[in-house]
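Visitor: Could you take me through this model? I'd like the overall picture, then the details.
Guide: Gladly; here it is.

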Amino acid sequence: EEELQMIFEDAQAKAYFQGLDLEVHEGLSLFHMLDDGDGRITYEEFINGILRFKGQARSIDLIATHLDVKQLRLEVNGLMRSLKDAHWIHR
């Protein structure tokens, strides 16, 4: 996470990403969007993720929303399992 933040603070890296038409304003948010949940970003995750961000900032917003929905789905599924185990619901 810190390493990625340092990269985005570098003037050459900023110029490179601007040249790719990537709107990256906050390294921490980007880290969480690229991370698959293990707290690390592989080169493959980074490249695939950055390619998805290419273009307007709206694309980044959609990806962030998608990740939020994915996280909510995981949490709701866990809650449903707990309620079933407690016999509060019968689905």
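Visitor: What does the secondary structure come to?
Guide: The chain has five helices and zero strands, where helices (H or I, at least four residues) and strands (E, at least two) are DSSP runs numbered from the N terminus. This is a predicted model, in which local features need pLDDT of at least 70 and side-chain atom pairs count only at pLDDT 80 or more, while totals for chains, interfaces and linings use all residues. Residues are numbered from 1 along each chain as its sequence is written, and side-chain values use heavy atoms, with hydrogens and water left out.

Visitor: How much of the chain is buried?
Guide: Buried residues make up 21% of the 91 residues, buried being under 20% relative accessible area, exposed over 50% and partly exposed in between, with a 1.4 Å probe and protein chains only.

Visitor: Which residues of H4 are buried?
Guide: In helix H4 (residues 43-53) they are Glu 45, Phe 46, Gly 49, Ile 50 and Phe 53. These cover an arc of only 120° around the axis, which puts them on the same side of H4; the arc is that of the directions from the helix axis to the C-beta atoms.

Visitor: And what's on the face turned away?
Guide: That face of H4 carries the exposed residues Tyr 43, Glu 44 and Leu 51.

Visitor: Switching topic, which residues touch the most others in the largest nonpolar core?
Guide: Among its 13 residues, these are Leu 4, Phe 17, Leu 30, Leu 34, Phe 46, Ile 50 and Phe 53; such a core is a set of buried Ala, Val, Leu, Ile, Met, Phe, Trp, Tyr and Cys residues joined through side-chain atoms within 4.5 Å.

Visitor: Which helix gives the largest share?
Guide: H3 does, with four residues of this core.
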